[in-house]
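Here's a quick briefing to read alongside the model. Keep the viewer open and follow the points topic by topic.

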Amino acid sequence: MWNTILFDLDGTLTDPKVGITKAVAVALDHFGIREEPDHLTHFIGPPLDESFPEFYGFSQEQVDTATELFRDYYTRQGWRENIPYPGAADLLRDLKAAGRTTMIATSKPEAMAVQVLEHFGLAQYFEQICGAPSSAPDSARKADVVRRALGGAADPSRAVMVGDRRHDVEGARENGLPCIGVLYGYGGREELEAAGAEFIAEDMGALKECLL
């Protein structure tokens, strides 16, 4: 049984849809690109310096400008538009009561992840919160974040990653970890299974059953 659980944040423990999609829409608007926030959920999870070129063909200069505009909105108000998924706090409380060690491994800037978790009273459940470093907040590889989080695990061979996107699965696999993909986030079954997720949890209840 796993005794250390690494959680992704956005799309796994909290739903960041409103804040992230509005921030992306603001950034795109600067370049004359009009998009409804509901059409921008594919930005949830991957690093921004990957998504802007992939979906809009941005140059590095455009990526830098778009990222600055995104961060300006998200730092001012977008992070407050995050919503914990129903049952997330109960799951974390049950894991702690069962003696499991829980950590965060997110591509979100680490300081912002701490801010979000503290705001919603969830930070107390984690031994470690690992995210993108302040020196390169928008280009952190998920595998590197997972590797850093694993450094705090008593027995990395008994650790598992939980996430909703292929980046979570790939980051776990690069570090020799199994990954539980969750379907209530933004990746979907096809994406998660194609990436190699060993387990799939349809909802928070199924995730709890899998972990406990």
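Contact here means heavy atoms within 4.5 Å. By that cut-off, and leaving aside neighbours within four places in sequence, threonine 102 is in contact with Ile5, Phe7, Leu95, Tyr125, Phe126, Glu127 and Gln128. Bear in mind that this is a predicted model.

- As background, strands of a sheet pair through backbone hydrogen bonds, either parallel or antiparallel.

**Strand 4 and its partners**

- Strand 4 covers residues 101-109 and is mostly covered, with 8 of its 9 residues buried.
- On one pairing, strand 4 meets strand 1 (residues 4-7) in the parallel sense over 4 bridges. Leucine 6 is the residue opposite methionine 103 of strand 4.
- Strand 4 also pairs with strand 5 (residues 128-132), in the parallel sense and over 4 bridges.
- Methionine 103 turns up again in this pairing, standing opposite glutamine 128 in strand 5. Isoleucine 104 has isoleucine 129 of strand 5 as its bridge partner.
- Strand 5 is mostly covered too: 4 of its 5 residues are buried.
- How is the β-α-β unit of strand 4, helix 5 and strand 5 handed, right or left? With helix 5 at residues 110-119, the unit is right-handed.

**Threonine 102, inside strand 4**

- Threonine 102 lies in strand 4.
- Why does threonine 102 count as buried? Its relative accessible area is 2%, and buried means under 20%, so threonine 102 qualifies.
- The side chain of threonine 102 reaches the backbone oxygen of tyrosine 125 at 2.5 Å. Tyr125 is also among the contacts of threonine 102.

**Helix 4**

- Which residues of helix 4 (residues 88-97) are buried? They are Ala88, Leu91, Leu92 and Leu95.
- Seen down the axis of helix 4, these buried residues fall within an arc of 95°, so they line one face of the helix.
- What do the buried residues of helix 4 pack against? Their partners are strand 1, strand 4 and helix 9 (204-211). Leu95, one of those buried residues, is among the contacts of threonine 102.
- Just after helix 4 comes glycine 99, with a positive phi of about 85°.

**Aspartate 168 in helix 7**

- Aspartate 168 is found in helix 7, which spans residues 166-174.
- Is aspartate 168 buried or exposed? At a relative accessible area of 2%, aspartate 168 is buried.
- A polar atom of its side chain lies 3.1 Å from the backbone nitrogen of aspartate 164.
- Apart from neighbours within four places in sequence, aspartate 168 is in contact with Asp8, Lys142, Met161, Gly163 and Cys179.

**Leucine 183 and the strand 7 end of things**

- Strand 7 and strand 8 pair in the parallel sense over 3 bridges. Within that pairing, glycine 181 has isoleucine 200 of strand 8 as its bridge partner.
- Where is leucine 183? It's in the loop between strand 7 (179-182) and helix 8 (189-195).
- Leucine 183 has a relative accessible area of 24%. Buried means under 20% and exposed over 50%, so leucine 183 is partly exposed.
- Leaving aside its neighbours within four places in sequence, leucine 183 is in contact with Gly188, Arg189, Leu192, Ile200, Ala201 and Glu202.
- For alanine 201, 18 residues apart from leucine 183 along the chain, the C-alpha atoms of the two are separated by 6.2 Å.

Definitions and conventions. Residues numbered from 1 in each chain as written. Predicted model: local features only at pLDDT ≥ 70, side-chain atom pairs only at ≥ 80, totals over all residues. Heavy atoms only, no water. Helix = DSSP H or I, 4+ residues; strand = E, 2+ residues; numbered from the N terminus. Buried < 20%, exposed > 50% of the residue type's maximum accessible area, 1.4 Å probe, protein only. Pairing = 2+ DSSP bridges. Right-handed = clockwise from strand over helix to strand, strands pointing away. Arc of directions from axis to C-beta. Polar contact = N/O pair within 3.5 Å; in protein donor to acceptor, adjacent residues only side chain to side chain.
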